[in-house]
Amino acid sequence: MRSEGENRGGTRPAPGVRWALRSATPADVEVIAELRATVMRADLERLGRFDEHRVRQRLRDSLSTRYTSIIEVDRALAGCVTVRPAQDGQWLEHFYLAPRHQGRGLGSAVLRTLLARTDARGATVRLNVLRGSTAQRLYERHGFVVEAEDPVDVFMVRQGVAEVGHHPA
């Protein structure tokens with residue numbers, strides 16, 4: 001298990017919350033599929049797109065455990081996140097936190113850690129979020145801007161540090 005620390009700058013998890021990332025395994029896929037169904041249900045219902053089977057199957061069809069990390073709090077699953085290579089940078093997807101861990105700064109702490117890694121490579125990061133999802137505000141606080149929208153999704157981008165006006169002296 002790779003410990004990512006406790007309470008790193010900015011929005012902080014509740015005092016004493018210790019979290020870590022570990023590599024996902026094929027055994028985690030069904031647990032992640034259930035987490036996705038729980039976390040996305042309200043937004044998908046609001047958009048008239050919730051389907052009990054499809055919400056799980058889309059994850060099964062698209063998840064790469066090679067690029068996915070399990071977020072653990074006190075050694076128990078609290079969420080997951082995937083950061084996979086894309087042609088023009090990195091793609092952040094499947095970032096889900098169990099409802100009991102939302103709104104406490106854990107998402108910001110995890111996102112800060114992941115973005116520090118992509119910034120070290122100067123990588124652009126893209127993601128999409130459902131229209132009207134409160135998660136969009138989290139991403140905006142971390143430098144993502146809207147790139148495009150469709151009736152269901154908002155596509156966001158965050159330029160890598162090397163691409164945002166940092167020039168060699």
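Arg22 is partly exposed, with a relative accessible area of 22%; partly exposed covers values between buried (under 20% relative accessible area) and exposed (over 50%), computed with a 1.4 Å probe on protein chains only. Its salt-bridge partner is Glu72, at 2.8 Å from N to O, where a salt bridge is a side-chain nitrogen of Lys or Arg within 4 Å of a carboxyl oxygen of Asp or Glu. Glu72 is buried at 8% relative accessible area. The pair links distant parts of the chain, Arg22 in strand 2 (residues 19-23) and Glu72 in strand 3 (residues 68-73), 50 residues apart. Helices (H or I, at least four residues) and strands (E, at least two) are DSSP runs numbered from the N terminus.

This is a predicted model: local features need pLDDT of at least 70 and side-chain atom pairs count only at pLDDT 80 or more, while totals for chains, interfaces and linings use all residues. Residues are numbered from 1 along each chain as its sequence is written, and side-chain values use heavy atoms, with hydrogens and water left out.

The whole structure holds 13 salt bridges, including these:

| Salt bridge | N to O distance |
|---|---|
| Glu72 and Arg22 | 2.8 Å |
| Arg41 and Glu45 | 2.8 Å |
| Arg84 and Glu93 | 2.7 Å |

In the Arg84 and Glu93 pair, Arg84 is partly exposed at 28% relative accessible area, whereas Glu93 is buried at 15%. Salt bridges with shared partners join Glu34, Arg41, Glu45, Glu52 and Arg56 into one network.

Within helix 1 (residues 29-46), Arg41 and Glu45 lie four residues apart, about one turn of the helix. Arg41 is partly exposed at 35% relative accessibility, and Glu45 is partly exposed at 43%.
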